[in-house]
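Visitor: Could you take me through one part of this model in detail? I'd like the surroundings of the ligand, and then whatever packs behind them.

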Amino acid sequence: MKSLLSLENVDAFYGAAHILHGMTLHVNEGESVALIGRNGVGKTTVVNTILGLAAMRAGTIRIGGEVIAKPRTYMAAQRGVAVVPQGRCIIENLTVEENLILGAAVGRKGPWNVPEIYKLFPILQERAHTPGTALSGGQQQMLAVGRALMANPSLILLDEPTEGLAPVIVDQLGVIFNKVAAQGTALLLIEQNMTLVTRVAKRYIAMAKGAAVAEGIVDDESLEELHKHVMV
Ligand SMILES: Nc1ncnc2c1ncn2[C@@H]1O[C@H](COP(=O)(O)OP(=O)(O)O)[C@@H](O)[C@H]1O
Ligand SMILES: [Mg+2]
């Protein structure tokens, strides 16, 4: 199995604030993995460290097996790891279509292009020339996923993609994530909705206090075990 992303014993900081304490995580080709844990344990900081937005001071990050000694924001996408950031980050003043096209800026070849994204999310085609920020929350999330796919990634990091969305939209996104996974793209799903985790992920990693503290297989019996890692 080809390794797409690995963190080994990573320590990361925001200024003097020490957030990740020996964080370890592996995602292989074609896997769907959930990263779970209570608010504030450092899940987003894992993403930020990969992007160079939090400072790595110890440990090793590899993307596609290559050691990334000094992560920079563009490096992950160039190497096939696209991010759907927490809060979506749809660019204001750009239309839906322009937001999508931005996702292709890394210039990786692959199956995804604007027409294919519109097949996956017909609503985005209907709203192609609307400002991206004028969409509903659920539609903005679809746009963020479409923009990530435009980079033709081998792995997508999804940071709380269903936060604040209605259950019916969460279900729709779950179906989409499974379609994307079935087409061969690996997923790292950061999520608070454990029902969605059981629908999408095959494996989970649980974090507490900036480190991985448990991992296991996700199946129909996992719900109770998963909830233990996110209860307040
Ligand atoms: N820019 C920042 N500067 C300092 N501390 C931060 C910053 N962003 C997040 N933190 C702190 O880092 C910790 C982990 O945050 P985060 O990675 O966002 O957690 P999660 O995504 O698991 O909810 C929290 O205690 C949070 O307050
Ligand atoms: Mg977060």
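Guide: Here is a walk from the ligand shell to the sheet. This is a predicted model, so to speak: local features need pLDDT of at least 70 and side-chain atom pairs count only at pLDDT 80 or more, while totals for chains, interfaces and linings use all residues. Residues are numbered from 1 along each chain as its sequence is written, and chains are lettered from A and ligands numbered from 1 in the order in which they are written.

Around ligand 1 sit Tyr14, Ala17, Ile19, Gly37, Asn39, Gly40, Val41, Gly42, Lys43, Thr44 and Thr45 (near means a C-beta atom, placed from the backbone, within 6 Å). Four of these shell residues are nonpolar, six polar and one charged, with Ala, Val, Leu, Ile, Met, Phe, Trp, Tyr, Cys and Pro taken as nonpolar, Asp, Glu, Lys and Arg as charged, and the others, Gly among them, as polar. Helix 1 gives the largest share, three residues; helices (H or I, at least four residues) and strands (E, at least two) are DSSP runs, numbered from the N terminus.

Now follow helix 1 onto the sheet. Helix 1 lies across strands 3, 6, 7, 8 and 9, at about 140° to strand 7 (contact means C-beta atoms, placed from the backbone, within 7 Å; axes are lines fitted to C-alpha atoms, for helices over the stretch in contact, with angles from 0 to 180 degrees between N-to-C directions). Helix 6 (137–149) also packs there, touching strands 6 and 7.

The sheet itself is open, six strands in the order 6-7-8-3-9-10, with mixed pairing (strands pair if DSSP finds at least two bridges between them). Strands 3 and 9 run parallel, joined by four bridges, and Ile36 has Ala206 as its bridge partner.

Terms used. Contact = placed C-beta atoms within 7 Å.
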